[in-house]
Amino acid sequence: MLSLPDAFLHAHRFISRPLLTIGQSQISFYTILSIVLAVSILYVAARLLKRFIVNRLLVDTVKDEGTRLALGTITQYLVVFFGFFVVLQSAGIDLSALTVLSGTIGIGIGFGLQNIANNFFSGVIILLERPVKVGDRIQVGEINGDVVRIAIRSTTILTNDNINIIIPNSEFVSNQVINWSHNDRNLRVTVPVGVSYSSDPEEVKLVLLQVADDHPDILQTPRPDVIFSDFGSSSLDFELRVWTKTRIQTPKILRSEMNFRIFEAFKKRGIEIPFPQTDLHFRSSDVPFWEKKDESGGKG
């Protein structure tokens with residue numbers, strides 16, 4: 001039976017035994033373990049550095065959270081990228097021997113991994129140019145929600161149904177993206193209204209503005225306004241245009257609330273909302289006669 005020192009010696013010889021050779025470097029099980037451990041520590045350290053940058057270092061100098069997250073994410077990936085090569089060099093691996101491997105990887109990126117490479121570089125563009133940032137309200141195709149996370153490969157959007165949708169970053173670079181809060185969080189909501197022709201347009205305008213002033217989520221600056229948009233087939237058509245910053249996630253619900261309030265206000269003031277009507281006008285020549293009298297008075 002081996003003694004404890006002999007067991008340690010045999011174990012050390014086993015994990016130090018070369019498994020493969022790259023250039024002038026011999027790779028053993030111990031080398032692989034040390035690289036995995038060092039890269040894991042490097043990754044954790046990079047994440048902690050990102051949190052420190054976002055939550056402490058830049059809090060006083062950079063007020064926008066999206067900007068801090070972008071700078072922290074870029075720093076994290078740079079630390080991991082360059083730290084990985086330092087770890088390989090420290091482990092005794094000759095990086096010049098990886099030239100052929102790098103060429104092979106480049107060919108793979110050009111063919112099989114082109115989508116991943118496209119999303120990667122699109123993520124870098126998003127983090128640098130910042131067409132969208134964390135906290136923005138955006139719409140991509142039929143998807144509408146808040147940006148909650150921007151990673152190097154994909155962006156996560158939280159919808160009003162509390163569903164996280166992960167979108168590849170290339171979608172933000174190659175397709176049209178609607179950013180409802182790119183400059184600020186103010187959003188304009190338009191509420192169309194139709195009233196009967198017997199209504200006084202000035203009274204309708206005053207009632208609509210009063211409804212807007214009474215709603216707690218409607219901004220007073222910019223002021224709500226009313227547009228007399230059209231003479232409809234059965235109604236006078238108006239548009240109540242209001243601004244909000246607290247209901248940017250739920251504009252449809254805000255529009256519904258405004259409709260309820262407008263209906264009640266019109267009911268109290270006796271302003272009628274008409275039913276759609278279609279008037280038909282006939283000419284005598286358009287009416288068919290199955291029997292037609294001739295000039296002599298007889299039937300034809």
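Nine bridges tie β8 to strand β10, residues 236-244, and the two run antiparallel. Let's start there. This is a predicted model, in which local features need pLDDT of at least 70, side-chain atom pairs count only at pLDDT 80 or more, and totals for chains, interfaces and linings use all residues. Residues are numbered from 1 along each chain as its sequence is written, and side-chain values use heavy atoms, with hydrogens and water left out.

Some terms first. Helices (H or I, at least four residues) and strands (E, at least two) are DSSP runs, numbered from the N terminus. Two strands pair if DSSP finds at least two bridges between them.

Back to β8 and β10. G194 has D237 of β10 as its bridge partner. The sheet here is open, with three strands in the order β8-β10-β9 and antiparallel pairing. Which strands stand at the edges? They are β8 (187-195) and β9 (225-231). Each has a single partner strand, so one side of each is left without a neighbour in the sheet. From one strand to the next, the twist averages 25°. For angles, axes are lines fitted to C-alpha atoms, for helices over the stretch in contact, and angles run from 0 to 180 degrees between N-to-C directions.

Now the helices on this sheet. Helix α7, residues 201-214, lies across β8, β9 and β10. Its direction runs at about 25° to β10. Helix α8, residues 251-269, packs on the sheet too, touching β8 and β10. The direction of α8 makes about 35° with that of β8. Contact, here and below, means heavy atoms within 4.5 Å.

From T221 to P222 the bond is cis, with omega near 0°. P222 sits in the loop between α7 and β9.

Next, the other sheet. How many strands form it? Five, in an open sheet with the order β6-β5-β4-β3-β7 and antiparallel pairing. The edges belong to β6 (164-168) and β7 (178-179). Again there is a single partner strand for each, so one side of each is left without a neighbour in the sheet. Strand β5, residues 154-158, pairs with β6 over five bridges, in the antiparallel sense. T156 stands opposite I166 in β6.

Two loop residues go with this sheet. Most residues other than glycine have a negative phi, and most peptide bonds are trans. N162, in the loop between β5 and β6, has a positive phi of about 60° although it is not a glycine. R130, in the loop between α5 (114-129) and β3 (137-140), has a positive phi as well, near 55°. Are they buried or exposed? N162 counts as exposed, at 63% relative accessibility. R130 is partly exposed, with a relative accessible area of 23%. The cut-offs: buried is under 20% relative accessible area, exposed is over 50%, and partly exposed is in between (1.4 Å probe, protein chains only).

Last, the helix pair. Two packed helices are described by the angle between their axes and the distance between the axes. Helix α2 (residues 29-57) and helix α3 (residues 65-90) have axes that come within 9 Å and cross at roughly 160°. That makes α2 roughly antiparallel to α3. Angles under 35 degrees count as roughly parallel, over 145 as roughly antiparallel, 65 to 115 as roughly perpendicular and the rest as oblique. The crossing is right-handed. By definition, a crossing is left-handed if the near helix is turned anticlockwise from the far one by less than a right angle, and right-handed if clockwise.

What makes the contact? On the α2 side, residues including I35, L42, Y43 and I53. On the α3 side, residues including L69, V80, F84 and L88. By class, the contact has 15 nonpolar, five polar and three charged residues. Ala, Val, Leu, Ile, Met, Phe, Trp, Tyr, Cys and Pro count as nonpolar, Asp, Glu, Lys and Arg as charged, and the others, Gly among them, as polar.

Take Q76, in helix α3. Q76 is buried, with a relative accessible area of 6%. Not counting residues up to four places away in sequence, Q76 touches Y43, A46, R47 and K50.

Then V36, in helix α2. V36 is partly exposed, at 49% relative accessible area. C-alpha to C-alpha, I32 and L88 are 9.9 Å apart in space and 56 residues apart in sequence.
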